[in-house]
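Me: I have just opened this model and would like to understand its terms. Could you walk me through them?

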Amino acid sequence: MGILGLAKFLADVAPHAIKETDIKNYFGRKIAVDASMSLYQFLIAVRSDGAQLVSTEGETTSHLMGMFYRTIRLVENGIKPVYVFDGKPPTMKSGELNKRMERREEAQKSLDKATEAGDAAEIDKFSRRLVKVTKQHAEDAKQLLKLMGIPYIEAPCEAEAQCAALVKAGKVFATATEDMDALTFGSKVLLRRLTFSEAKKMPIQEIQLDKVLEGLGLSHKEFIDLCILLGCDYTDSIRGIGPKRAIELMKQHRCLEGIMNSIDKSKYTVPENWNYEGARQLFIEPEVADPDSFEIKWSDPDEDGLVKYLCNDKQFNEERVRNGAKKLQRARGTATQVRLDGFFTVVSTTPAKRKPNPKKDTPNKRGKTGGSRTRGKPK
């Protein structure tokens, strides 16, 4: 879920923090990609007649097809992706995970009814709701990335938090995910739609955290409290407080403690044993590995290894796989190119005002300052 309704809220109150751009503008950028989110997108997007793409043995291959071809597209556009996989979920996320399980159970019941009725549209709708990224999906993707020469990281906990840590440490430029809580974790730049923008013909959405804070008039700590108030994965929100009321309360009281002491609890329902302090701490100090402990390296693809893994084992088309490997290899040849803004510093084109010189800028007999004279002394 991330942060409930945050994307739309920012579009309304801080539109200058969001810009839509093309993938080519990230040439030479290192970008941390939320692997689980990407796999989920691939699993629900690459479908045929409401079912997953599978090998002849019935093994799902949609996630591998998406990972292979979309990653090639990123690399061909000069992007250096590093995929970050989720570790164990924090204990405070158990409530949200239980809700997701309940929603899947309801979706399964609805799917059974749709199947019995032969309603193709409803079958596809509820099939998508049942999609879940499994541990096996993740292991398949790691093996593929290794053969492609693309680095990946296994986070100790939340992938978005680890991505944000990499951005803050200057290891990568941005976090690529659809989950808005990457901003809550402190990622300076968030890229949405990166892994599927071309497929859906949508521009990439770039969100700058500093501009978000400027537009909201909040510090990052206050922004974290706002996100908890809006609704996050770690705790329920206060019933009756929507986005508009939430920002009003934050600007007035500047912290959740102040809000809790001021609101009418007969009007606004505060969850029992509301552990907003624990949620806040998870955002401020998430469980992440030291970014300096990772050696992030891109290497040449193993073409024969890819053919064996994708064609012999997964029944991919060999010609297409070999062509993909060659594209990766060609892209590696341009990897030494860097962005021009790495060589130059930005300078203002507005002429600087000249500081007055008390010795030269004194009025002469004609009422003009002597600083602009260029003639030599008269003979």
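Me: Which helices each supply at least two residues of the lining of the largest pocket?

Reply: Helix H2 (35–45), helix H4 (94–117), helix H5 (120–129) and helix H6 (135–148) each do. The biggest share, six residues, comes from H4. Helices here are DSSP runs of H or I with at least four residues, strands are runs of E with at least two, and both are numbered from the N terminus. Please keep in mind that this is a predicted model, where local features need pLDDT of at least 70, side-chain atom pairs count only at pLDDT 80 or more, and totals for chains, interfaces and linings use all residues. Residues are numbered from 1 along each chain as its sequence is written, while side-chain values use heavy atoms, leaving out hydrogens and water.

Me: What makes a space a pocket or a cavity?

Reply: Both are sets of points on a 1 Å grid over the protein atoms alone: in a cavity a 1.4 Å probe fits but cannot get out, whereas a pocket is an open set with protein on both sides within 12 Å along at least five of seven lines. A residue counts as lining if it has an atom within 4 Å of a point. In the largest pocket, 34 residues line the space, and Ser36, Asp86, Arg100, Lys132 and Val133 lie nearest its centre.

Me: How much space lies in the largest pocket?

Reply: About 1,300 Å³. That volume is the space filled by probe spheres set on the grid points, which are joined across faces, edges and corners.

Me: How do the residues of that pocket's lining divide by class?

Reply: There are 11 nonpolar, three polar and 20 charged residues. Ala, Val, Leu, Ile, Met, Phe, Trp, Tyr, Cys and Pro count as nonpolar, Asp, Glu, Lys and Arg as charged, and the others, including Gly, as polar.

Me: How many cavities of 30 Å³ or more does the structure hold?

Reply: Two. The largest has a volume of about 50 Å³, and H2 gives the largest share of its lining, three residues. Strand E2 (30–34) also supplies at least two residues there. The second largest cavity has about 40 Å³, and its lining has seven nonpolar, no polar and two charged residues. Among them are Pro90, Phe185 and Tyr234.

Me: Why is H2 called roughly perpendicular to H3?

Reply: H2 and helix H3 (residues 62–76) pack at about 115°, with axes 8 Å apart. That angle makes H2 roughly perpendicular to H3, because 65 to 115 degrees counts as roughly perpendicular, under 35 as roughly parallel, over 145 as roughly antiparallel and the rest as oblique. Axes are lines fitted to C-alpha atoms, for helices over the stretch in contact, with angles from 0 to 180 degrees between N-to-C directions.

Me: Which residues make that contact of H2 and H3?

Reply: Leu39, Phe42 and Leu43 of H2 meet Ser62, His63, Gly66, Met67 and Arg70 of H3, contact meaning heavy atoms within 4.5 Å.

Me: Is the crossing of H1 and H9 left-handed or right-handed?

Reply: H1 passes H9 in a left-handed crossing. The word means that the near helix is turned anticlockwise from the far one by less than a right angle; clockwise would be right-handed. Phe9, Leu10 and Val13 in H1 meet Val212, Gly215 and Leu216 in H9.
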